[in-house]
Amino acid sequence: MQKNKPILFCDFDGVLCHEKYWRSLPTDKYQQVQQLLFGEDKSYTNDWMRGKYSAEEANRKVSETINVSYEELWELFVHDCRTMNVDKDALEKLKNLRDRYTVTLITGNMDSFTRFTEPACNLHEYFDVISNSYEEGIHKTDNDGILFTKYTKRFNAPLNQCIVLDDSEKVCDVFEKLGGKARLVSKEHDILYHLDKITKAS
């Protein structure tokens, strides 16, 4: 069977967007949320990102911990989800690569991303596929990267020509072990740096 276009996998948080949920809270309350959900114990957050909790349940947990009313917190949370600043230049460059790659947004994220962020930012206009761990039930690094092979098989894509853009060294390592090409996004080499290189090489 003839191989189709390679897939260009692109992460969201830390790659296309650097803004956080609940960022509109006062600094002390925001720091409490970060410690609760993204501190040393990330088990609740990881389970939320695997579809085991809803955004409503997570906000009730946060509300009780930081002593802010659920209604007020929920309104702020939804607003922050809908107003995230996504790199427009990067989105346009990704869109322009769709004739050469199946451009896929692959994010470890929550139901709030699919419900609020994705439609508000019109992300479907820039990607052929959007994969969110909340719907997938697994993270990118689970089971040696089975999520990536799910898509390479679906599109019959040549894995050795597929690329992942991610700010996680672990994700990059998993993808390279599968046989793909990984581009680690960092402060020194941001998403635009890598997209320019990919565009020139294509």
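Strand β2 (residues 102–107) is largely enclosed by the rest of the structure, because six of its six residues are buried; buried means under 20% relative accessible area, exposed over 50%, and partly exposed in between, with a 1.4 Å probe and protein chains only. The structure is a predicted model, in which local features need pLDDT of at least 70, side-chain atom pairs count only at pLDDT 80 or more, and totals for chains, interfaces and linings use all residues. Residues are numbered from 1 along each chain as its sequence is written, and side-chain values use heavy atoms, with hydrogens and water left out. Helices (H or I, at least four residues) and strands (E, at least two) are DSSP runs, numbered from the N terminus.

Thr102, Thr104 and Ile106 point to one side of β2, while Val103, Leu105 and Thr107 point the other way; all are buried. Strand β1 (residues 7–10) pairs with β2 in the parallel sense over four bridges, two strands being counted as paired if DSSP finds at least two bridges between them. Within this pairing, Phe9 has Thr104 of β2 as its bridge partner. Strand β3 (residues 129–132) also runs parallel to β2, and four bridges join the two. Here Leu105 stands opposite Ile130, and Thr107 stands opposite Asn132.

These pairings belong to an open sheet of five strands in the order β3-β2-β1-β4-β5, with parallel pairing. The edges are formed by β3 and β5 (181–184), each of which has a single partner strand, so one side of each is left without a neighbour in the sheet. From one strand to the next, the twist averages 20 degrees. Axes are lines fitted to C-alpha atoms, for helices over the stretch in contact, and angles run from 0 to 180 degrees between N-to-C directions.

Helix α6 (residues 111–120) forms a right-handed β-α-β unit with β2 and β3. A crossover is right-handed if, with the strands pointing away from the viewer, the path from the first strand over the helix to the second runs clockwise. Helix α10 (residues 191–201) lies across β1, β4 (163–166) and β5, and runs at about 165 degrees to β4.

Helix α5 (residues 88–96) packs with α10 at an angle of about 20 degrees, the axes being 10 Å apart. The two helices are therefore roughly parallel to each other; angles under 35 degrees count as roughly parallel, over 145 as roughly antiparallel, 65 to 115 as roughly perpendicular and the rest as oblique. The crossing of α5 and α10 is left-handed, a term used if the near helix is turned anticlockwise from the far one by less than a right angle, with right-handed used if clockwise. Asp89, Ala90, Lys93 and Leu94 of α5 meet Ile191, Leu192, Leu195 and Asp196 of α10, contact meaning heavy atoms within 4.5 Å.

Helix α3 (residues 55–66) and helix α4 (residues 70–82) pack at an angle of about 125 degrees, with 9 Å between their axes. They are therefore oblique to each other, and their crossing is right-handed. Residues in contact include Asn59, Arg60 and Ile66 of α3 and Tyr70, Trp74 and Phe77 of α4.

His18 lies in the loop between β1 and α1 (27–38). This residue is exposed, with a relative accessible area of 60%. Between the C-alpha atoms of His18 and Val164, 146 residues apart along the chain, the separation is 18 Å.
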